[in-house]
Amino acid sequence: MNLAINKPHHFFFLFVLLILVFSQYKPKETFDVNIGDTYYVILNSHLGIILSVFYFLAGLIHFFLDKKGIHLNNWITYTHTILTIGGLILIWLLLKRINHNPTKNLEELLKSIKINQYLTYTCITTLFSMVMSQIVFVISLFLKIIKN
């Protein structure tokens, strides 16, 4: 158990494989993001490749840190791993819930809109937390390298 917790690159490399498998489930479907009047559309297979590269690079960084014996603060490593992997899973689940709207009447529709608004805020907060964890990780990595 202690071996798995102290080797976050194992989690990242496993997650890369999971992303690639899930992105090939329905590769011709698209992921749409609407920002203002602009729609950004990307195929699931392409999104899977982009995310896989990002998570592979994160795993590679953790792997090289482990091989070189550079140890960052445990809470930074754990927070980075949990927010990076868990955040993407949470966002994926929330987007599945937001896009699933089997409403029957006006009252349910209004309730669904309100719930979707809160879920969207949760997605944005999670994404912001993920970005902040990347920034803190990179800063602590550079400080540790400069210090040594």
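Modeller: We will take the terms one by one.

Modeller: This is a predicted model, where local features need pLDDT of at least 70, side-chain atom pairs count only at pLDDT 80 or more, and totals for chains, interfaces and linings use all residues. Residues are numbered from 1 along each chain as its sequence is written, and side-chain values use heavy atoms, with hydrogens and water left out.

Colleague: How many helices and strands are in the protein chain?

Modeller: The protein chain has five helices and two strands. Their order from the N terminus is α-α-β-β-α-α-α. Helices (H or I, at least four residues) and strands (E, at least two) are DSSP runs, numbered from the N terminus.

Colleague: Why is Q134 called buried?

Modeller: Buried means under 20% relative accessible area, exposed over 50%, and partly exposed in between (1.4 Å probe, protein chains only). Q134 has 17% relative accessibility, so Q134 counts as buried. Q134 lies in helix α5, residues 106-147.

Colleague: And what makes V131 partly exposed?

Modeller: V131 is also placed in helix α5. Its relative accessible area is 42%, so V131 is partly exposed. Across the 148 residues of the protein chain, 26% count as buried.

Colleague: With which side chains does the side chain of Q134 make a polar contact?

Modeller: A polar contact is a pair of N or O atoms within 3.5 Å; within protein, one must be able to donate a hydrogen and the other to accept it, and residues adjacent in sequence count only if both atoms are side-chain atoms. The Q134 side chain meets the side chain of H80 at 3.0 Å. It meets the side chain of T84 at 2.6 Å. Both pairs count as polar contacts.

Colleague: What makes the pair of F22 and W92 tilted?

Modeller: A pair of aromatic rings is described by the distance of the centres and the angle of the planes. Rings of Phe, Tyr and Trp (its six-membered ring) pair if their centres lie within 6.5 Å; planes under 30 degrees apart count as stacked, over 60 as edge-to-face and the rest as tilted. The whole structure holds six aromatic pairs. F22 and W92 form one that is 5.9 Å centre to centre, with 40° between the planes, and this pair is tilted. F22 lies in helix α2 (residues 8-23) and W92 in helix α4 (residues 74-99), so the pair ties together parts 70 residues apart in sequence.

Colleague: Is F22 buried or exposed?

Modeller: F22 has a relative accessible area of 55%, so F22 is exposed. W92 has 45%, so W92 is partly exposed.
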